[in-house]
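Please keep the sequence and the model open while going through them.

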Amino acid sequence: MNEETSKVIVEKEVEKKKLDNSKVADMAQVEGHERFPDAYTIYKADEIESVRVEDHSFFFKCKNGIILKIEVLTNRMFRLRYAIKGDIQRDFSYAIDEGFTKKEIKIDFEENAEQYSIRTSKIWCRISKSKMLVHFYTINGLAILEDEEGFSAKEMILGGLVDVGVSKKSPEGEQYLGLGDKAFNLNLRGQKFENWCTDAFAYGKDTDPLYRAIPFYYGLQNGESYGVFLDNTYRSHFDFDSKEKQVMRFSAAGGEMNYYFIYGPKMTDVATQYMELTGKPELPPIWALGFHQCRWSYYPESRVRELCNTFREKKIPCDAVYLDIDYMDGYRCFTWNKDYFPDPEKMIDDLSEQGFSTVVMIDPGLKVDEEYDVYMDGKEKDVYCKRPDGEIMMGPVWPLNCAFPDYTKEKVRKWWGEKYRDLYLNKNIKGFWNDMNEPAVFHVHKATFPEDIRHDYEGESCSHKKAHNIYGMQMSRATYEGLKTLKPDQRPFVITRATYSGGQRFATLWTGDNVANWKHLRIANRQCQRLSISGFSFVGTDIGGFAERPTGELMVRWLQLGVFHPLYRVHSIGNNIDGTTALNAKLNEEEKARDRMDQEPWSFGEPYTTLARQAIEFRYQLIPYMYTAFRDYTLNGKPLIRPLLFEYQTDDNLHGRDRDFMFGENLLISPVVRPARRKQKVYIPEGKWYFMNTANVFEGRQFHTIHTSLSQIPIFVKEGAVIPEYPVMQYTNERPVGKLILHVYFGKLKKESNLYEDNGNDYGYQEGHYCLTRFITEGLDTYFLLKRETEGTFPLTYNACQIFIYGLPFVVNSCLVDEHEVELSNDNSTGSNICELNILTGFSKIVFQ
């Protein structure tokens, strides 16, 4: 270690003074570390003394021993790893997808008196010789991301490495987005955040950290975008110029400084590359995109049956019902309370006949009980996390004493996955809800494991400091992989609360224990946008709020927003009436009323029941559009939900606006997130947009005042788009689809819209058993063309097609379907600007003129 470029600081509680490096070193050697328990060493890079090149990797070594490895992965993506002692660490990551490979590209490496230079066709990286500062530029020399002080590390004499970080320049006006589920405004500039998976009941806008650790952010300046992914599972921190000194820093409380730089220039380019790196999920089962009803808790069986019967009686669509912890026998996972559910298999089969998929909760904490076979089997097979002395770590969650599997060990994940056999194969449970997996522990100061708990970490034992942030991710992975092993031909459905980057490969998310108020509706809107662009598009919230109870208006507005969140689930804390009392039907009328004060769509009376039904029915109509968008997400990684700034990053009018968002390729959503709002100002980006299902056109790059009745929120459609719909069903597979409905919006520019369909359950689509339909539109002042092309072998169940055409700028005199004249069901001769056409689905070309 070079004394000029690193120093040791000793803080003595009484003297409060700094000693020079040599004196501290001498005293530490002679008198022992106990004299200076707070002594630490700061490491910073000095002059580069050597460079080594291996294939696409460049190793820079400083005189004081610090090493930087830069690996060029693609022409837009670089990986940077720093080591302060010896060689670079083992190359292992839970976040990086196994299928990711670096690309063969042309790389130019140069050196001059002041710097080294690495060039691809898209990025120019310069490394200064004096302090090993790293700067990224466009190929034309425009600064994208530059080091300020660059790399530094802090090591305690007794505590080891406690900080590794990089400071970057933060030019005035640069914006920062992403970072997972942060409840803050879309632009994170001026704030600092922590990533440490935390049980955050009833969190607020300023609560940090929250349930997930997703250390990935976007930078945007001068219309150019980049991304940084800090792949370090320790507690991490991101300071986005909170001190207003035009400096930002990201760091971790241990481990290796290992980050990826990803160049856009568009944020969508960054997103798709990040998804290539960390992995894309598979298509979900189609029922998972339906409406889900949940609470803590629905029991006994009679209550569950009553709930499901009421949905069908009131004709409110629903695909899934959830059972929270009270279905278990004394909170023992993988068991049933036989008093509440005497014959769960029959109940689940009966619910399935009604079209309901049953989802149950499974927590990581297994009750310590010698009569509980799951716990005893785990103890025998040595699957639990342990203290440093080898003792099993135990702590309170719902049971007063729990043991926790170590999911960082492959044999434990396989053991865990096998435990779902009875529920998944015999009981026909369709989905599993992994909760409390931050991991949460009750009645302790930090609400989680002690930091010295040991984990296997795939054969490289570590403390909980390193494993904490991936514990929930690896639990959901174990669940997901177990389900795929048990039913290899069926798509799993797993929902998790805690996760880490890359966890999108295994599970969907919800945003955690929110609150039933308008502020939280706005938070929910921002969180789902942020999570979606952070890799987790399959996301939703506890609609209506988990804690407290919403008004009817708030519930309806949340349901309307939730239509555009892929996970569409109501969940609430309920009242938790004692199950035995409920089972024996001894509740008085007041208790019965209180027990029903929940968040089912009919709970608020009219007009809210009708409005809730309308919102949920609209969701089911849009499932073909949503399923198609989800398929695109699984193929190319483009987020389903995108802030308008994300899509139109050069439009300065969108800076600071985080209410409205894009959903899929063609829909702009402007949710109503404040009470009694009957009109709101909406900024429409470039182009022409139609108010959905009308011929009303709005010019882009302008503000418009839109009236908002309680029955709808403003939704706009890109000109030229084709939006597919299905008829309303009570659940996704209630009956074969008998008719396809197409909403076609006139536009002059050539535009393609897609519709993707398969059986929604298995993996036949991977073998070509799907149908992808491409709709191409193009128009002139007196002419409009709609073409249809298909691929795939999946047989469609419908042959009827109802087409609505909006905004034709001419009166239709002729409609030719595959060169044959066809009469319109409704034409636009009366000035409505809406035409209707009913034909068979197999057409190739329709011409209106």
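**Notes on selected residues**

1. Glu819 is located in the loop that runs between β48 (815-817) and β49 (820-821). The model under review is a predicted one. Although Glu819 is not a glycine, its phi is positive, at about 75 degrees. Glu819 counts as exposed because its relative accessible area is 55%, and the cut-off for that class is over 50%.

2. A second residue with a positive phi is Arg701, which is likewise not a glycine; its phi is near 60 degrees. Arg701 belongs to the loop between β39 (697-699) and β40 (702-707). With a relative accessible area of 46%, Arg701 is classed as partly exposed. For background, most residues other than glycine have a negative phi, and most peptide bonds are trans.

3. Which two residues are joined by a cis peptide bond with omega of about 0 degrees? They are Asp208 and Pro209. Pro209 sits in the loop between β14 (192-195) and β15 (216-221).

4. Another cis peptide bond links Glu438 to Pro439, and here omega is about 5 degrees. Pro439 is part of the loop that connects β26 (431-434) with β27 (454-455).

5. On the surface there is a patch of negative charge, in which Asp343, Glu345, Asp349 and Glu353 gather. One of these residues, Glu345, lies in helix α4, which covers residues 344-353.

6. Leu277 is a residue of helix α2, which spans residues 267-278. Leu277 counts as buried because its relative accessibility is 0%, and buried means under 20%. Which residues does Leu277 touch, leaving aside those up to four places away in sequence? The contacts are Met77, Ala95, Ile96, Asp97, Phe100, Phe229 and Tyr260. As a distance to check in the model, the C-alpha atoms of Leu277 and Val247 are separated by 27 Å, and the two residues are 30 positions apart along the chain.

How values were computed: Residues are numbered from 1 along each chain as its sequence is written. This is a predicted model: local features need pLDDT of at least 70, side-chain atom pairs count only at pLDDT 80 or more; totals for chains, interfaces and linings use all residues. Side-chain values use heavy atoms; hydrogens and water are left out. Patches are made of residues with over 30% relative accessible area and no salt bridge: like charges are joined within 9 Å, nonpolar side chains (Val, Leu, Ile, Met, Phe, Trp, Tyr) within 5 Å. Accessible areas come from the Shrake-Rupley method with a 1.4 Å probe; for residues, only the protein chains shown count as cover. A salt bridge is a side-chain nitrogen of Lys or Arg within 4 Å of a carboxyl oxygen of Asp or Glu. Lys and Arg count as positive and Asp and Glu as negative; His and the chain ends are not counted. The place of a charge is taken as NZ of Lys, CZ of Arg, CG of Asp or CD of Glu. Helices (H or I, at least four residues) and strands (E, at least two) are DSSP runs, numbered from the N terminus. Buried means under 20% relative accessible area, exposed over 50%, partly exposed in between (1.4 Å probe, protein chains only). Contact means heavy atoms within 4.5 Å.
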